[in-house]
Each structure stands twice: as structure tokens, then as C-alpha cells.
Amino acid sequence: MKGTALRTKRTLLNMAYALGSSLLLLLLGLVTRRLLVDNFGPQITTASQVVSQLFNFFSIAEFGVGSVISYRLYEQIAAKNEEKISKYMSMYKWAYRVVGLVIAGLALIGAAALRWIMPDVPAATAYTVYGLNVISTLCSYFLITRRLMYTCTQQGYRCTQIDFCCNVLTSLAKIAVSLWFPNYVLYFSVTIFFNVTANLLIARRFRKDFPYVHDVKVTVNDFKDLGIFHDLRYFLVHRLSNTIYGSSDTIVTSRLGGSTQTTFLGNYNTISTSATDLGNKVMDSFAAAIGSIVYDKSAAANDHDKQVFWGMDLFSYLFASFVATAYFCLFQPFMASWMGEKWLLPLGFVLVFCLNEYVGWNHRMLGSYRAVLGHFEDDQWFMVASATVNLALSFILFPLFDITGALIATVVAHCIMWAGRIRVVFRQYMRGGLGHYLGVQALHLVTLAVCMGGSYALCARMPGGWLGLVPRILVVLVVPNALNLAVYGWGKDAAYLRQYAGKVAKKLLKK
């Protein structure tokens, strides 16, 4: 019970810090995006977006070493094996140094493709933004490794505290540069400075929070003995597929649609990225506890682990249906008020976007279980199919449906990825539960349609402008959540969530 109480406390702390910091950063991000588009124009804006996605693609050089080591680290933290914790952290550090060097090599090769990907962006602009991103990325890979220990011990809120302060300073500095010193080199250099500062502050705190973790000598044989190369061979496929999924829309749009359409897409992505960051921090607060539960033998003894799984899966759906409904009802009126109606994409794009967000958030917890369980070979061909379909369909559908076509390809690829994760989790952990899972997903689709359709019909009656967003937000907060509560709130799958809510209520009442 003590371990469960500690997990609950840390989950609440992680969530509180995540929500508080991300909401302010979301608002600052909207201001900096508007100023970037208005003061620097579509070409610099496009260069920033595309280069960012290219470096996301180069991150395949990481081979998923962080995920492979982290799921092994969870087990050693649960066993309190300080010797192995130190060894894994040292391996992680050296692995990331090698990754940084590989990314530097890929960046040199990738520079040759810039003119093909961004044909209407001046070469000087493209290569300057590209060079600044090389510096930023390499600094991250050489300094970021200590964060893993905070994540695996459910103390991510400590990193969030430092990141929040540095990110606020970054946004304020970008606003100042955009308004008074409109120089894009200075604009992007600000990010590098504060990213390095945040990682140095975390490194200093790490020595205080984890004094038992120290550097130890590691060799290639250590990686071989732990079987990490076996896991990495399969996880590389996962990494590549996830990278293509996250990067292809922007790159394909830049190549086929030009800088103006890429800026259209980037405006929507700015909102979704900020909202996704907020949602990820909420979900990560729970996901960090999953590693502890999976390797907690006492949880398995009384089927508590299975109850947690169904509760977390239901929570994913509740979050996903709320997010999809919110985007469907609020995206267009918010975009019109924020950037102006000239920057609106078709409603069809928004609908497909909502479906993609639903697919992602609906299996978010399932994905966390999948990451903790390992066995990356079990769904590698699903990941190969996902990446192949994403790229092929993007180039086929973009000429037919513009940006919406590329996004349709992403949704199809995302569903293939989801199917692979289902395969692993229900083979390795939740044996015998696949039929129940599929039945529940079918019901989820019905309630999702009602949530989105009903909320949209009500919002369509609301006035436009910033004031019109207020009643729309109220509709989105009430309708989908009330409907889902009525349908799912008292079922068996919600048992863990009811217990968890009761514990949270008690803690709040005591305070």
C-alpha cells in the first residue's frame, strides 16, 4: 500500500506541475507564433518548421536506446539495485554521445536535400536556420541524459520546474526579438541558450537528488551482455516508423505545396503541439507509474495490475474523445480569431485531424504498456507497414486533396501502428482480454460520434469572435464529459478510476 500511495502522490505532483506550466507556455507559444509569421514571413517560418522535422527524422540515429534502457531501468529501480542503476545511466550517457556524433554526420548529408525540400525558400535562409538547429540538437543530445532518471522515478516534475522557467524566458526573449530586434539568427539563438541553461541546471540538481548514481566504466561488451543490441535492432524499426509518422506531413507539404501551405499547416500544428505537450505531461504522470506496476509482483498477485490496465485504457478514451471534440468545435473559430480567417484550412482537414488525434490519445496508455514490456520484434512489421503506407499515400493523396490528403495517410498509418501495439500488449501482458478490448473500442466509436456531432451542432448556434469561444468552451467541457460519464462512469472498467478519484478527493479535503 505504501508503494501505491507514493505512486499516487508523485502522479498528482507531476500532473499539477505539468498543467500549471504548460497552460502559460501554450499562451506564450501562440503569441510567438503570430509574431514569427507576421514579422519574419512564410519563408523563414517554413524553414523553421521543415528543419525541425528533418532533425526529428535524424533522431532515428538514437535507435530507441532511451526506450530500451528505460524499460530495463524501471525493473532495477523497483529492485533498488543501485549498482545496476548506475551502470544503465552510464550506458545511456555514452550511447547518447555516440548518437550525437551520428546525428552530426546525418546533418551534413541532409544539408544536400534542403533545396529539394524547400524549393521556394532562399538558400541563405534555409542553411542558416539549418545550422542553428544542428547546434541546438547536438547540445541536447550531449546534455539531456540525466532526465531519464527523473522520468523513471516519477519525479519528472523536478525537470518541469526548471524547464518552465527557462521556457518562459525563451518565449519572452523571442517576443522581444520579434518586436524590437527582428533578426531571425538572434531569434533562433535564444532557444539554444536557454535549452543549454535548463540542461545544466538539471545536471547540477541531479547530483543532489541521486547521490548514489555515479559514473562507471562501460564497454561494448556491457551492451552486448545486457542484450540491448538485440532490442535495438528491432526498436530501430519502431523509431523509424514513429519519426516518419511525425515528420512526413510537413516535409511533403513543403515539397508539393510550397511555403504558404506549409505555414497554413504550421499554424494548426502550433496549437496542436502545445495542446499535445500539455496532454503528454498529464498522461506521462500516469505512464511513469505503469513501469512500476508492471514489475510489481504484489500488484499481479491480486489482479490489481489488470484493473489498473482497464482503468488506464478507459482514461485514454475519455481524454481522446474530449480532445477530438474540442478540436472539432474550437479549432476553426479559434484560428479565425487568432490568425485571421485568411489562414483557415477546410473543415474536412479539421475532421481528419480530429480522427488522428483520437487514434493517438485513445491508445496512449496502451502505448505506454507496450513501451515498458519490450519485445520490439513482435510488432516490427506493423511499424514497417505504417511507415511505408504513410509515405506512399502522402505523395499519392496530396495532389488530390492537398494537405488533407497527407493527413489521411497519417491516420491510416497511425491505425496500423495501433494494431501492432495491441498485438504486443495482449500477447505479453493482458492474455485473454483482446475480445473485450475490441468490443469496447467499437462502443467508443459510437459515443465519440455522438460527442463530436452533438457538441458541434450546439456550437454552430454560437456567435463568432473571441466572445463566442466562451460558450463553445462550456459546451465542450460539459457535453462529451457528461455523456461519457453516463455511459462508462459506473462500469467495471472504471473501477480503478473511481478508486483513484476517491483518493484524490480525500487528499484535497485534508488540505
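Contact here means heavy atoms within 4.5 Å. The model on screen is predicted.

**Stop 1: Ser272.** Select Ser272, which lies in helix H10 (residues 228-294). Leaving aside residues up to four places away in sequence, Ser272 touches Tyr327 and Phe353. Is Ser272 buried or exposed? Its relative accessible area is 6%, and the limit for buried is under 20%, so Ser272 is buried.

**Stop 2: the largest nonpolar core.** This core has 124 residues. Select Met118, Tyr130, Phe349 and Phe426, the members that touch the most other members. Helix H12 (residues 304-338) supplies the largest share of this core, 20 residues. Now centre on Phe426: with residues up to four places away in sequence not counted, Phe426 touches Phe309, Trp310, Leu366, Arg431, Gly433, Leu434 and Tyr437. Elsewhere, a second, separate core of 5 residues can be selected through Leu25, Leu28, Val168 and Ile175, which are among its members.

**Stop 3: H12 against H17.** Show H12 together with helix H17 (residues 434-459); the two pack at an angle of about 25 degrees, with their axes 9 Å apart. Angles under 35 degrees count as roughly parallel, so H12 is roughly parallel to H17. Their crossing is right-handed.

To see the contact itself, select from H12 Trp310, Asp313, Leu314, Tyr317, Ser321, Ala324, Thr325, Phe328 and Cys329. On the H17 side they meet His436, Tyr437, Gln441, His444, Thr447, Leu448, Cys451, Met452, Ser455, Tyr456 and Cys459. Colour the residues of this contact by class: 12 are nonpolar, 7 polar and 1 charged.

How values were computed. Residues are numbered from 1 along each chain as its sequence is written. This is a predicted model: local features need pLDDT of at least 70, side-chain atom pairs count only at pLDDT 80 or more; totals for chains, interfaces and linings use all residues. Side-chain values use heavy atoms; hydrogens and water are left out. Helices (H or I, at least four residues) and strands (E, at least two) are DSSP runs, numbered from the N terminus. Buried means under 20% relative accessible area, exposed over 50%, partly exposed in between (1.4 Å probe, protein chains only). A nonpolar core is a set of buried Ala, Val, Leu, Ile, Met, Phe, Trp, Tyr and Cys residues joined through side-chain atoms within 4.5 Å. Axes are lines fitted to C-alpha atoms, for helices over the stretch in contact, and angles run from 0 to 180 degrees between N-to-C directions. Angles under 35 degrees count as roughly parallel, over 145 as roughly antiparallel, 65 to 115 as roughly perpendicular and the rest as oblique. A crossing is left-handed if the near helix is turned anticlockwise from the far one by less than a right angle, and right-handed if clockwise. Ala, Val, Leu, Ile, Met, Phe, Trp, Tyr, Cys and Pro count as nonpolar, Asp, Glu, Lys and Arg as charged, and the others, Gly among them, as polar.
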